[in-house]
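Please keep the sequence and the structure in view while reading.

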Amino acid sequence: MVAQLDYARMQEVFRRFSAAEPHPKGELEHTNAFTLLVAVALSAQATDVGVNKATRALWPVADTPEKMLALGEEGLIAHIRTIGLYRNKAKNVIKLSRILVEDYDGQVPSSRAALTRLPGVGRKTANVVLNMWWGHPAQAVDTHIFRVGNRTGICPGKDVEAVERAIEDNVPVEWQRHAHHWLILHGRYICTARKPRCADCLIRDLCRFEEKTE
């Protein structure tokens with residue numbers, strides 16, 4: 001595991017990320033907190049592009065828990081059949097929709113504890129919703145962030161929770177609101193898994209990765 005970058009380097013890393021993309025955004029299409037929650041839940045082991053293709057026709061007919069329940073499990077499956085694990089995801093979406101209607105007056109709760117009690121909603125999904133909808137500096141660590149964090153020294157850790165803690169502890173607070181978006185985008189388009197695009201990297205000189213590509 002590479003060493004954690006020091007404070008001065010961390011400041012410069014995120015200063016550059018911010019200069020290049022001042023307002024980074026998640027790529028999942030949504031219209032409200034409910035559609036965001038469902039989109040993130042559907043994106044597990046699937047691509048944002050694939051989820052967006054499936055939900056463009058879904059949101060006009062089921063953008064609230066009540067409408068989702070009216071659509072029903074089979075109706076939902078018809079929309080999301082192209083997404084991996086669609087049957088299990090459909091069951092969870094219907095279950096969580098029922099819980100939202102019965103326990104939360106049809107509203108998405110704004111605490112991590114309440115969110116993670118919903119079927120199919122783990123800590124990462126909860127953190128995405130808290131960050132993107134309520135602006136809370138929660139860090140949703142996915143495979144991209146885990147790779148970038150450990151490869152560069154920005155947030156090294158042996159597992160996703162350790163990486164999440166490394167972000168919270170080491171990223172200066174003024175950058176934490178958008179930190180996970182910058183790291184995801186960097187991992188998705190520059191610091192890729194098989195062959196990182198080091199020649200195009202904004203932070204090449206700050207990164208601790210020794211096997212840089214040309």
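## Basis of the description

Helices (H or I, at least four residues) are DSSP runs numbered from the N terminus. The model is a predicted one, in which local features need pLDDT of at least 70 and side-chain atom pairs count only at pLDDT 80 or more, while totals for chains, interfaces and linings use all residues. Residues are numbered from 1 along each chain as its sequence is written, and side-chain values use heavy atoms, with hydrogens and water left out.

## The largest pocket

A pocket is, on a 1 Å grid over the protein atoms alone, an open set of points with protein on both sides within 12 Å along at least five of seven lines, and its lining residues have an atom within 4 Å of a point. Grid points are joined across faces, edges and corners, and a volume is the space filled by probe spheres set on the points. The largest pocket has a volume of about 580 Å³. It is lined by 29 residues, and those closest to its centre are Ser-43, Ala-46, Asp-48, Asp-142 and Arg-188.

Helices H2 (33-42), H3 (48-55), H7 (123-134), H8 (143-152) and H10 (179-189) each supply at least two residues of this lining. H10 gives the most, with six residues. By class, the lining of the largest pocket has twelve nonpolar, eleven polar and six charged residues; here Ala, Val, Leu, Ile, Met, Phe, Trp, Tyr, Cys and Pro count as nonpolar, Asp, Glu, Lys and Arg as charged, and the others, Gly among them, as polar.

## The second largest pocket

The second largest pocket holds about 160 Å³ of space. Among the residues that line it are Phe-17, Ala-20, Trp-182, His-186 and Cys-201. Helix H1 (7-20) and H10 each supply at least two lining residues, and the largest share, three residues, comes from H10. The lining of the second largest pocket divides into seven nonpolar, one polar and two charged residues.

Phe-17 also forms an aromatic pair with Phe-14, with 5.7 Å centre to centre and 80° between the planes, which is edge-to-face (ring centres of Phe, Tyr and Trp, the last by its six-membered ring, within 6.5 Å; planes under 30 degrees apart are stacked, over 60 edge-to-face and the rest tilted). Both residues lie in helix H1, three residues apart, about one turn of the helix.

A cavity is a set of grid points where a 1.4 Å probe fits but cannot get out. The largest cavity has a volume of about 100 Å³. Of the 13 residues that line it, His-186, Cys-191, Cys-198, Cys-201 and Cys-207 lie nearest its centre. The classes in this lining are seven nonpolar, two polar and four charged.

## Helix packing

H8 and H10 pack with their axes 8 Å apart, at an angle of about 85°; axes are lines fitted to C-alpha atoms, for helices over the stretch in contact, and angles run from 0 to 180 degrees between N-to-C directions. The two helices are therefore roughly perpendicular to each other (65 to 115 degrees; under 35 is roughly parallel, over 145 roughly antiparallel and the rest oblique). Their contact (heavy atoms within 4.5 Å) includes His-144 and Arg-147 of H8 and His-186 and Arg-188 of H10.

The axes of H4 (residues 65-80) and H5 (residues 86-103) come within 9 Å and cross at roughly 180°, so H4 is roughly antiparallel to H5. The contact of H4 with H5 has twelve nonpolar, two polar and six charged residues.
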